[in-house]
Amino acid sequence: MDIIVEPIKVPLETNIIFGMSHFIKSVEDLYEVIVNTIPNAKFALAFNEASGQCLVRYEGNDERLIEAAKENQRRIAAGHTFLILLKDAFPINVLPGIKDCREVATVYCATANPVQVLLVESDGGRGVIGVIDGKSPRGIELASEKRDRIELLRKIGYKK
């Protein structure tokens, strides 16, 4: 077996949700979750089919994001994984609906950070071991940084 590190490459200011689902119906169901939760979001999703034709299935409303989602999933090439790319929207708004989707087995990450997917490859195909989401911590938050964090969350409307 080989271990492969595959980066997810996305346009600037794009958030991602990367996970695993078990059925081709996921494409339509995840699409519905996004449009019903954030109607104005620009987004794309791609799903790697793991049986039958084994195609990268996709949906979305932004061609640039659709192309990026398809290309990333083609390179990742792990069955039953999905990748959602969001522009002008945040994962926190759609994560509850994504997690409630009957087909979704797990969500590996939801982030705007650079992501690397850790894969294992055997003669049977590829599987996800995990992800590297962003960078490692450089220290412990100081009191001033804590105040900045609290202020930021209120400024952007996530806390009162």
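Here is a short walk through this structure, one selection at a time. Keep in mind that you're looking at a predicted model.

**Stop 1: helix H1**

Start by selecting residues 26-37, which make up helix H1. This helix has 12 residues, and from its first C-alpha to its last it reaches 16 Å, close to the 16 Å expected at 1.5 Å a residue. Which of its residues are buried? Colour Ser 26, Val 27, Asp 29, Leu 30, Val 33 and Ile 34, and you have them. There's a handy rule to keep in mind while you look: an α-helix has 3.6 residues a turn, so residues three or four places apart point the same way.

On the strand side you'll find S2 (15-21), S3 (42-48), S4 (56-60), S5 (81-87) and S6 (104-111). Helix H3 (91-100) is on the list of partners too.

**Stop 2: strand S3**

Stay with one of those partners and select S3, residues 42-48. Why can we call this strand largely enclosed by the rest of the structure? Because 6 of its 7 residues are buried.

Next, bring in the strands it pairs with. S3 and S5 run antiparallel, with 6 bridges between them; pick Phe 47 and you'll find its bridge partner, Phe 82, in S5. S3 also pairs with S4 in the antiparallel sense, this time over 5 bridges. Click on Leu 45 here, and look for Glu 59 in S4 as its bridge partner. If you're wondering what holds such neighbours together, strands of a sheet pair through backbone hydrogen bonds, either parallel or antiparallel.

**Stop 3: the open sheet**

Hide all that and show S1, S7 and S8, an open sheet of 3 strands in the order S1-S7-S8, with antiparallel pairing. Which strands sit at the edges? They are S1 (2-8) and S8 (125-133), each pairing on one side only. Turn the view and look for the twist, which averages 30° from one strand to the next.

Zoom in on S7 (residues 115-122), which pairs with S8 over 8 antiparallel bridges. Select Gln 116 and you'll see Ile 132 of S8 standing opposite.

**Stop 4: helix H4**

Finish by selecting residues 143-155, helix H4.

Conventions:
Residues are numbered from 1 along each chain as its sequence is written. This is a predicted model: local features need pLDDT of at least 70, side-chain atom pairs count only at pLDDT 80 or more; totals for chains, interfaces and linings use all residues. Side-chain values use heavy atoms; hydrogens and water are left out. Helices (H or I, at least four residues) and strands (E, at least two) are DSSP runs, numbered from the N terminus. The expected span of a helix is 1.5 Å times one less than its number of residues. Buried means under 20% relative accessible area, exposed over 50%, partly exposed in between (1.4 Å probe, protein chains only). Contact means heavy atoms within 4.5 Å. Two strands pair if DSSP finds at least two bridges between them. Axes are lines fitted to C-alpha atoms, for helices over the stretch in contact, and angles run from 0 to 180 degrees between N-to-C directions.
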